[in-house]
Amino acid sequence: MRPILPTRSDEPIYWLMFGTGGMVAAWILPAILVVFIVAGICPPDSDAGLLSYSQVSGIIGNWFLALVLFGVVFILSFYALHRMFHSLHDLNLHSKIFWYICYGGAAAISFIDLGLQLLSYVELF
């Protein structure tokens, strides 16, 4: 008699990204917000804060920091929409359309962010 082997699932990949998003939301995002709030980002027509609009634009124009920002936005959007997807399960809403909406929304947010960063990087925006 052959042993029954468990079927493979892609769920561990989703839970890994969910856990990473939780850590980013708990540690990295508050640190980024504190740095920018303390530095005092100001509108383009004012020089009241420590960072001016052109300095922040220069920071985001750096390819490495743009890549880090994309990673933060990607993992946070996946984290938030994965949490929403499982909250829908708690409400007994078990339709495949919610899977497409949640994970497609995370992908859309990530690609929109990537597109805006590319436009900023080539200074078209």
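Is phenylalanine 64 buried, partly exposed or exposed in this predicted model? At 46% relative accessibility, phenylalanine 64 counts as partly exposed, where buried means under 20% relative accessible area, exposed over 50% and partly exposed in between (1.4 Å probe, protein chains only).

The model is predicted, so local features need pLDDT of at least 70 and side-chain atom pairs count only at pLDDT 80 or more, while totals for chains, interfaces and linings use all residues. Residues are numbered from 1 along each chain as its sequence is written, and side-chain values use heavy atoms, with hydrogens and water left out.

**View 1. The pair of tryptophan 63 and phenylalanine 64.** A search of the whole structure finds 10 aromatic pairs, counted where ring centres of Phe, Tyr and Trp (its six-membered ring) lie within 6.5 Å, with planes under 30 degrees apart taken as stacked, over 60 as edge-to-face and the rest as tilted. Tryptophan 63 and phenylalanine 64 form an edge-to-face pair, 6.0 Å centre to centre with 80 degrees between the planes; tryptophan 63, at 57% relative accessibility, counts as exposed.

**View 2. The pair of tryptophan 99 and tyrosine 103.** The ring centres of tryptophan 99 and tyrosine 103 are 5.1 Å apart and their planes stand at 55 degrees, so the pair is tilted. Tryptophan 99 is partly exposed at 25% relative accessibility, whereas tyrosine 103 is buried, with a relative accessible area of 11%.

**View 3. Lysine 96 and two rings.** Lysine 96 lies over the face of tryptophan 99, at 4.7 Å from the ring centre, and its charged end sits over the ring of tyrosine 100, 6.0 Å from the centre (NZ of Lys or CZ of Arg within 6 Å of the ring centre and within 35 degrees of the ring normal).
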